[in-house]
Number of protein chains: 2
Amino acid sequence: MSASTTSLEPLFRPRSVAVLGASADATKLGGRTLLNLRERYRGRLYAVNGRGGEIHGLKAYKSVAELPEAPDLAVVSVPVGAALEAVEVCAAKGTRSAVLYTSGFAEIGAEGRKLQERLLEIARARGMRLLGPNCMGFLDIAQGTIASFIGPATLQNVVPGRVAILSQSGAIGTLALAYAQERGLGLSLWVTTGNQCDVDFSECLAYLAEDDETDVILAGLEGTADGDKLRAALRLAHAQRKPVVMLKIGRSEVGAAAVVSHTGSLAGNDAVYDAVFRAHGVYRAENFSELLDVAEVAAAGLYPENDRLGIVTVSGGVGIVMADEALARGLKLVPMPPEAQARLKAIVPFAAVRNPVDATTVMITEPKVLRSFLEETLESGGYGAVVVFLATLGMSIMHVERMLTALEGVRQAYPKRAIVFVMASTRETRARVEAAGFRVLDEPVRSVAALAALAHISAAWQRACPALPPPPPRARASGVMPAGEAEALAFLASAGIPTVAHRLASTREAAERAARELGLPVALKIASPDIAHKSDVGGIALDVASEVEAGKAFARLMRTVKRTCPEVRLEGVLVAPMVAGWLELILGAKRDAIFGPVVMLGLGGIYAETFADVSLRLAPLDAGAARAMIRELKGYPLLLGARGRPKLDLKALVGALLALSRLALAHRDAIESIDINPFMLLPKGGVALDALVVADPLRVRRSRGSRP
Amino acid sequence: MSASTTSLEPLFRPRSVAVLGASADATKLGGRTLLNLRERYRGRLYAVNGRGGEIHGLKAYKSVAELPEAPDLAVVSVPVGAALEAVEVCAAKGTRSAVLYTSGFAEIGAEGRKLQERLLEIARARGMRLLGPNCMGFLDIAQGTIASFIGPATLQNVVPGRVAILSQSGAIGTLALAYAQERGLGLSLWVTTGNQCDVDFSECLAYLAEDDETDVILAGLEGTADGDKLRAALRLAHAQRKPVVMLKIGRSEVGAAAVVSHTGSLAGNDAVYDAVFRAHGVYRAENFSELLDVAEVAAAGLYPENDRLGIVTVSGGVGIVMADEALARGLKLVPMPPEAQARLKAIVPFAAVRNPVDATTVMITEPKVLRSFLEETLESGGYGAVVVFLATLGMSIMHVERMLTALEGVRQAYPKRAIVFVMASTRETRARVEAAGFRVLDEPVRSVAALAALAHISAAWQRACPALPPPPPRARASGVMPAGEAEALAFLASAGIPTVAHRLASTREAAERAARELGLPVALKIASPDIAHKSDVGGIALDVASEVEAGKAFARLMRTVKRTCPEVRLEGVLVAPMVAGWLELILGAKRDAIFGPVVMLGLGGIYAETFADVSLRLAPLDAGAARAMIRELKGYPLLLGARGRPKLDLKALVGALLALSRLALAHRDAIESIDINPFMLLPKGGVALDALVVADPLRVRRSRGSRP
């Protein structure tokens, strides 16, 4: 374990626990907690209550100070007015960690935030780790550490297992817990972090990534203030091959705005979270059902080794609905090889044998047929996952026993394949089938979706996890940031991004000469360190076909801009050859408040911008990530030469993206954003036609325009 | 009831039933059916079995001929070799309807198809209606007519109610039944149509639309061979305000291909089904969970009157995840009015009061606060639906009783609002809350999705249902179909679609003259009745800037095409003014094999075509449908003048779509497809720049080129 996660051991695996605010009243949070621990916890348990006496047969200490030892964990359930003192007494005693339920801190505004800062100071001063405030605590099911006031109805059927639930929001955590319980999904730890003044989501995630009791991490995230910390935790989970199945709230604009007001912290751009998740193999679920579906299949260890799905079914219709879902979720439905199809036809002449393989209900009445079909599919199809739809076979223990007898040895012969039986079943028959090594699920479409999720996770594990950015430069950037398009293009060129040839002309004659020398037709654009959006002020002339026209255009642009923006400094006009007719892209880098520089690639042109066809990745990029960004574009076929166009230079685009990533990272303390719009991608090479660099106004000197 | 549905009365509501192939062995289909009916059916029941005797205390007749009456319904469970005879005997007796389980008909290929045709002849000759073959029969839960071999485990908890399940596939129907039973969703009829040689999906749908016992129709569809019949049934459901919640298989290409091979019939284009569903307000679910979610909320009658959702929550996080889903599903999260927000703040100072309204857990501990928040939301927010998230409140009957006391009268005061409580609950508490008139659901995200589905259905009921196409003209079209672009443009112009001015030039001089007269620059396109795709053969010159250039282009095009296609007839070159710079659209009409003419609107240009931004509607269109098609385009903002462009003439586009719809419908027996690509939409008007009409080669004479 790393140093940071070791310090959470006393919190999540305490040998002794004290409950502050303990009471005999189970409707109170402290009373409920004491009862929960009293029933299940196997370590040393202390009740603390100002009035002393005895609760549930336990001696009640009047203060933590009176305890015979400094407990590993104090669960603090006191009103907000008493919280600071209670935490202070715990820390003074040498208590190693505390859970604080109490609300009335950062979530209520400025005053609460101050109180919360004070809380953190107290804990930090004595090295006590603090979970909360405003949280629901945590549960360790196997050890019985129910450090939470969660009620008996939700707790009663929770079974130990190897799935951890981690949530900032107590309500989201509680719902996930309730659904896990309904499904009989076994849990290791359940943790809610609330206001996370000390122990936060990312730290808990890192702990779970290294926790021996946990295989699968089900997570509910509102946002983080420290992007690098979250990335480091996700890297750890990736390295340990532990899937992170995520419900991230704030996908919509209204949602994101509400997250900001709800958590009182920066939420960051949801699309950037998506990019982070994609790069780290995190699976983002759309609702609780999907969250649990994926966690359940992951807990069974059904990771397909490839993205090919085989479907064996007793019903053509259900086979097709599963096929539809598989394709929608990015799985491949490779057909069975022709010889294998012939062998299956020989067994059941009316079977459909391509894929889906519809063996008809003969598979139920004659289990040997099921065996033949399943074995053939596994052996000849090469599918990483095979899903077998068996209708209501599982409602009859007789049918189930006959089936398992017929299938003897099949599971063992293909140990690495993800095999799922989808059927209606009873608790008894399901247990029987699962004891034989086959997983039973009950909804065909969602089963396929869950297998697809695991195939994606499994594929992400085959890839390297993206590197963390290097620590930011110690000194602030001293370089002068480019102002105006000419300087921006030079800045990009110096970073290795090909840029269009151009001349700055400050007279009509110079413009004409530049047009002649650069080659017609040309584009003319007003040059000013003060104008970011040149077309908005009438500062652009395109497709200028002759020298004379270039001179006229120069005069017109200067006149127009002097009229529309009399206050700006004009350096003249930038003249560049027209490069048109190929594919316009937009390349950009933008500093995200949470995650630092984000590289953006989009299709340009008016339609593509309207369709927002954009892919994002955090810097630093490697070539694989750059290629993945390109493939993610909906318009990707256009780059490959769709619709009779030539194939474009993908290598050049990868190079430009990598250079942009390096540039954005090197200047991340100084640059707010870089926009290359358009970047014209050609069959050979590519070229930045326009560029805009926006510097952080607080951090750096900006060029005041180096030319007159 | 209409005539066609009346004839299904003896089938679905029989006063007497005979089971052919009855036996005492409940593992056999006939035995199981007899047992099912024996236990539940209240009409006169007859067992028929070649061996005679007695089964379950019922006299077994050796033949239907011996029965004391002609039964309303015969359920036939005999091997395929005996099926025709059994059906013949039933028909001869005067039996009014039959269910035939037997497989081995059309689903196995040509031989089976013949057998099935014979079956139909027999039934039709005596006016006997036939459900099947290769089906699982049907259930009428309330009447106990279990005309199916479905097993006791699936049947045992099925309760009567007002939701009907209709499915071609027995397996899909059975799954839907199993899920309905798990949820306690009450059913009226459950029908599987199998090979539907006589009674088909559409006819059953029409029956259910008119059935007094049914409010909600849950349907599983593979495809139909008769598009107009399906549309007529959907119109009936629309007219009766009965929602159709649909699982349509074959969304993917693999799926669609499998449907064709599975059903042995034309499946049609899935996108066209989507268009049909959208136009008729059918809700298409993605999986069984969603299918049941929507049916469940529909069964509760929770139809929002508008698309605005109010969210009241005890948890900020869950509120946000619901908000995300609402927006993704097209609901509007209108904020509470400022005065209302102030009133809520006065009650709970730390509440979020915009929308989502997060009143915190105070709503649970103080039910009066819940009342205030809910009333304020209903009264001031104007939301068609309000969803209230209450975490685990429903796990405690005490909390539930306190809540219901506090809420007294609220439900009655807002009878038309869709109010849903989302919380964990027990069977007991849920029943208690629902008795008080509030619906309880348990998954917040899916609950919002289901409310959104009902809002869409409800909105579709406000709109007129699209008209059915008029019957096809009795005589085959006698008109000569246009060949070549000039005739195609003239054909469109005669139908009222504005087309670009153009001249056919057969000499270089004529081309120059046309260029001069039409106005420069011009486009030149080769004119031949034999060339459909002019650019493929080098037959197009664009942006020709002068008369001289036009002459040169004429010569070049003629030369090139004579070389590339020496065998075609060349009429010359079409000269037209260039119309560029506005929005290129693609308009089209294509005859679907199932549904007839389909009108298509897409954004043109290379990007938009790659993104396949297209909307479809069946002809005939009305103006509302044409406007809906336009709004459905992802690139719709471009038409409204996004990105600094002028607003384009939507009225002209609507007019062109309507004219195209009329044209395609009038010539539906003669025209395979019409393509207008591009149709240039302008700020004032719009114009077809190119057109291609493809005639049905079997049906009509095609112009042989009226010009030399």
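What follows is a short chat about a predicted model with chains A and B.

User: What does the secondary structure of chain A come to?

Analyst: This is a predicted model. Chain A has 27 helices and 29 strands. Its C-alpha atoms fill a box of roughly 95 × 80 × 35 Å along the principal axes.

User: How many residues of chain A count as buried?

Analyst: Chain A has 708 residues, and 59% of them count as buried. As for contacts in chain A between residues at least 6 apart in sequence, 71% join residues at least 24 apart.

User: What superposes chain A on chain B?

Analyst: A rotation of 180°, with 0.1 Å of shift along its axis, and the RMSD is 0.2 Å. That is how a two-fold axis relates copies. The C-alpha of A:Tyr607 is the one in chain A nearest the axis, at 3.2 Å.

User: Which surface serves the two copies?

Analyst: The same surface serves both, as 100% of the contact residues of chain A recur in chain B. There are 66 residues of chain A in contact with 66 residues of chain B.

User: What area do chain A and chain B bury between them?

Analyst: About 5,000 Å², with 72% of it on carbon and sulfur atoms. On the side of chain A, the three residues that supply more than any other three are A:Ile320, A:Tyr607 and A:Phe611, with 14% of the area that chain A buries against chain B.

User: Which helix of chain A gives the most to the side that touches chain B?

Analyst: Helix α13 of chain A, residues 316-328, with 9 residues. The whole of that side divides into 32 nonpolar, 18 polar and 16 charged residues.

User: Changing topic. How many salt bridges are there over all chains?

Analyst: A search of the whole structure finds 79. One of them joins the side chains of A:Glu547 and A:Arg516, at 2.9 Å from N to O. A:Glu547 is in helix α23 and A:Arg516 in helix α22, so the pair ties together parts 31 residues apart in sequence.

User: What does A:Arg569 form a salt bridge with?

Analyst: With A:Asp530, the closest N and O atoms being 2.5 Å apart. A:Arg569 lies in the loop between α23 and β23, and A:Asp530 in the loop between β21 and β22, so this pair ties together parts 39 residues apart in sequence. A:Arg569 is partly exposed at 34%, and A:Asp530 is partly exposed at 37%.

User: Which residues are linked in a network of salt bridges?

Analyst: In chain A, the network links A:Arg183, A:Asp293, A:Glu296, A:Arg430, A:Glu434, A:Arg439 and A:Arg446. In chain B, B:Arg439 forms a salt bridge with B:Glu434, with 3.4 Å between the closest N and O atoms. B:Arg439 counts as buried because its relative accessibility is 19%, where the limit for buried is under 20%. B:Glu434, at 23%, counts as partly exposed.

User: Last one: where is B:Asn36 found?

Analyst: In helix α3 of chain B, residues 29-40. B:Asn36 counts as buried, at 2% relative accessibility. Leaving aside neighbours within four places in sequence, B:Asn36 is in contact with B:Ile146, B:Ser148, B:Phe149, B:Ile150 and B:Leu155.

Note on methods. Residues numbered from 1 in each chain as written. Chains lettered and ligands numbered in written order. Predicted model: local features only at pLDDT ≥ 70, side-chain atom pairs only at ≥ 80, totals over all residues. Heavy atoms only, no water. Least-squares fit on C-alpha atoms with pLDDT ≥ 70 in both. Contact = heavy atoms within 4.5 Å. Buried area = accessible area lost by both parts, 1.4 Å probe. Helix = DSSP H or I, 4+ residues; strand = E, 2+ residues; numbered from the N terminus. Nonpolar A, V, L, I, M, F, W, Y, C, P; charged D, E, K, R; others polar. Buried < 20%, exposed > 50% of the residue type's maximum accessible area, 1.4 Å probe, protein only. Salt bridge = Lys/Arg side-chain N within 4 Å of Asp/Glu carboxyl O.
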